[in-house]
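Please look through the sequence and the structure below before reading on. The briefing that follows takes its topics one at a time.

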Amino acid sequence: MSLNPADIPENVIKEVVVWLVKVQDDDLTTQEQQTLLAWRNENQLHELAWQRAENLGMTLQKIPPDLGKQVLGRSATMDRREFAKHLGLLLTLVPIAGLSYKYAPWQAALADVKTATGEQKTIQLADGSQLILNTDSAVDIAFNDTQRLLKLYRGEIYIKTAKDSAQRPFLVQTAQGQLHALGTEFVVRQYSDYSYLGVIESAVDVLPKDDPKQNQIIEKGQQTRFDSTGIEAPSPLDDNANAWINGVIYADNMPLSEFINYVKRYRTGVITCDESCHDIYVSGSFQINDPDHILQVLEKTRPIEIEWRTRFWAKLSKKQR
Amino acid sequence: MATSTIQSFSQTYENHHSWIYNWLCKKLASHHDAADLTQDTFVKVLQKDMPADIIEPRAYLTKIAHDLMVNFYRRKSLEQAYIEAISQLPEAITPSSEERLLLLETLQEIDEMLTTLPDHVRETFLLSQLDGMRYKDIAAKLNVTERTVKRYMALAFTHCLTFAA
C-alpha cells in the first residue's frame, strides 16, 4: 500500500481538491455525499487521492491547535538570514477565543461537535437531554422553536432525551432517514451506506428518507438497520450496542476478525487479521480506552502473533507451531 | 551509476569540499553543524545527478548548501518555537517525552510541507485546519473575499497532496 504522490495524476488531484474545498465550506447534501462516494468508487486513483487527503487530515488532527499555530505560524518569508534572531518570536497567528475547539476533518464537514478516533464526549443539551459521542463521530445540534434536531454525519451517538417544557419533538437525522424519539434512550450509528438504531428504553419511530410513510416503531430492547428506502425487521439488541458508553467491548466467543473490527474503531492506524485466524475466538470484556493494550492481551492469551509494521500498523496472524 | 559519474563525483568532492565547508563555517556558529551540512550537500549532489557540463559548479553547489542551511535553520527555529510552546503548557497536560518527539516529527513534516506556500495561503490553511474556522469567518478576519479564501485553500490542498515527503 504505497501512497506515492507521483502516482496520482494532476487532474485527479484537481478533482479531489474541489471536493475538499466544498466539503469544508458547507455541509454536503445527501445527493452530494452520494456523488462523492460514487466518485471515490469510480476509480482506484480517486480513492487513493481521497485516502491521501484523509491521511493528511489525520496528521493535522494530531496537532493541538494552539501549539500548532504557535509553532507552524512562524512566518516563512521573513528574511532567511534573520532566522536566528527571530526564533519563535514571530507569531503571525493570534488565537481566537472560542474557536479553537473546532477541528476540521473533511469527512463530516464542520459539525458542531465531534470526536477524534479513540475519543468519547458527553454533552448536556440545552433541554437537559444527554448526548454521548462515540469514537470518530460528528454531530450538528440544531434546536429551534419547533424541534430539537440532531444531525449525525459520522460515527455513533447515544441519546437520553429529557422532557421538553416546550414539547418540541426530538429528532435525529442520518443520511438515510429521520428518527423520532418517543421519550427514550437509544443509540444511532451512521455506517457508510445505512444507519443503525438500537433502542434501550421506550421506543423510536424510524422514517426512511425516500419513503417516510414506511415508518416503523422500534421498541425497547430491539435494534434495526435502515437505508433511505426501507427498514430491516428488528432483532434483539446486541450486547455491544451500548456497552461503549461504559467504555467496554464484550465478546462471547466472538470470531477474532469480528472482534478486531470493534477494536479498530478506537485506534488510529491499521489492524489486519489474516486468513489463518479464522478459527480463533475471543471472550471477555475489554476496555476500549487502550486498544493497544487489548492487542497485547490478545497476543498473550490467544494463539496469535502480532507483526508491527509501523507503530500504527499491526498485522495479526495465527501462531505457527 | 556509471563509472564516469562516480569519477566526476569524486572529482567534484575533492575540488569543492573544503571551500563549502569553510563557507558554511562562516555562516554557522558550529563547525560540527558545518561538517554535517557539507556532507548533506554532497549527498544532494549525488541524488540530483549534477550535470557534468555545469559551467558554474560553485554557484550550483552554493545554492544547494544555502538551501540546506535555510532548511537547517527552519528546523532549529521550529524546535525552539516548539520548546517554548510546550513550556507554556500547564504541567498536567505536558506530553510525555515520547509523545513530544512524535509531535515534533509531525510538526516538522507539516512545516516542511507548508514552508514554500505564500504566508497568506499558509495562514488561511492553518486557520481552517487547526482552528476549524469557517471560510466566511476567515474571509472576515483576513479582510479578503470568501472566493479568495477558497482559492487559497485549493492552492494549499493541491500543494499538500502533491508534496513528496
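Two residues are in contact when heavy atoms of theirs lie within 4.5 Å. By that rule, and leaving aside neighbours within four places in sequence, His159(B) is in contact with Met113(B), Thr116(B) and Leu117(B). This is a predicted model, in which local features need pLDDT of at least 70 and side-chain atom pairs count only at pLDDT 80 or more, while totals for chains, interfaces and linings use all residues; side-chain values use heavy atoms, with hydrogens and water left out. Residues are numbered from 1 along each chain as its sequence is written, and chains are lettered from A and ligands numbered from 1 in the order in which they are written.

**The two chains**

- Helices (H or I, at least four residues) and strands (E, at least two) are DSSP runs, numbered from the N terminus.
- Chain A has seven helices and 18 strands, whereas chain B has seven helices and zero strands.
- Along its sequence, chain B reads α-α-α-α-α-α-α.
- A residue is buried under 20% relative accessible area, exposed over 50% and partly exposed in between, with a 1.4 Å probe and protein chains only.
- Of the 321 residues of chain A, 45% are buried; for the 165 residues of chain B the share is 42%.
- Among contacts with a separation of 6 or more, residues 24 or more positions apart supply 48% in chain A and 57% in chain B.
- Accessible areas come from the Shrake-Rupley method with a 1.4 Å probe, and for residues only the protein chains shown count as cover.
- Chain A exposes about 16,000 Å², with 48% of it from carbon and sulfur atoms; chain B exposes about 9,200 Å², with 54% from carbon and sulfur atoms.

**Nonpolar cores**

- A nonpolar core is a set of buried Ala, Val, Leu, Ile, Met, Phe, Trp, Tyr and Cys residues joined through side-chain atoms within 4.5 Å.
- In soluble globular proteins, nonpolar side chains tend to be buried together.
- The largest core has 49 residues, and those touching the most other members are Leu67(A), Val71(A), Leu72(A), Tyr82(B), Leu107(B), Phe125(B) and Phe157(B).
- Helix H1 (residues 10–25) of chain A gives the most to this core, with eight residues.
- Apart from neighbours within four places in sequence, Leu107(B) is in contact with residues of chain A, including Ile63(A), Leu67(A) and Gly68(A), and with Leu78(B) and Tyr82(B).
- A second, separate core of 26 residues includes Ala251(A), Ile288(A), Leu295(A) and Leu316(A).

**Strands in chain A**

- Two strands pair if DSSP finds at least two bridges between them.
- Strand E1 (residues 113–114) of chain A and strand E4 (residues 138–143) of chain A run antiparallel, joined by two bridges.
- In this pairing Lys114(A) stands opposite Ala138(A) in E4(A).
- Six bridges pair E4(A) with strand E5 (residues 148–160) of chain A, again in the antiparallel sense, and Ala138(A) stands opposite Arg154(A) there.
- The hairpin from E4(A) to E5(A) runs through four residues.

**Salt bridges**

- A salt bridge is a side-chain nitrogen of Lys or Arg within 4 Å of a carboxyl oxygen of Asp or Glu.
- Over all chains, the structure holds 16 salt bridges.
- Asp136(A) and Arg154(A) form one through their side chains, at 3.1 Å from N to O.
- Asp136(A) lies in the loop between strand E3 (130–133) and E4 of chain A, and Arg154(A), 18 residues apart from it, in strand E5 of chain A.
- Asp136(A) counts as partly exposed because its relative accessibility is 29%, while Arg154(A), at 13%, counts as buried.
- Asp164(A) forms a salt bridge with Arg148(A), with the closest N and O atoms 3.8 Å apart, and both residues are buried.
- Asp127(A), Arg148(A), Asp164(A) and Arg168(A) are linked in a network of salt bridges.
- Lys318(A) forms a salt bridge with Asp279(A), with the closest N and O atoms 3.0 Å apart.
- Lys318(A) is partly exposed at 27% relative accessible area, and Asp279(A) is partly exposed at 39%.

**Helices in chain B**

- His159(B) lies in helix H7 (residues 146–162) of chain B and is buried because its relative accessible area is 19%.
- Buried residues in helix H2 (residues 31–48) of chain B include Asp33(B), Ala34(B), Leu37(B) and Thr38(B).

Note on methods:
The expected span of a helix is 1.5 Å times one less than its number of residues.
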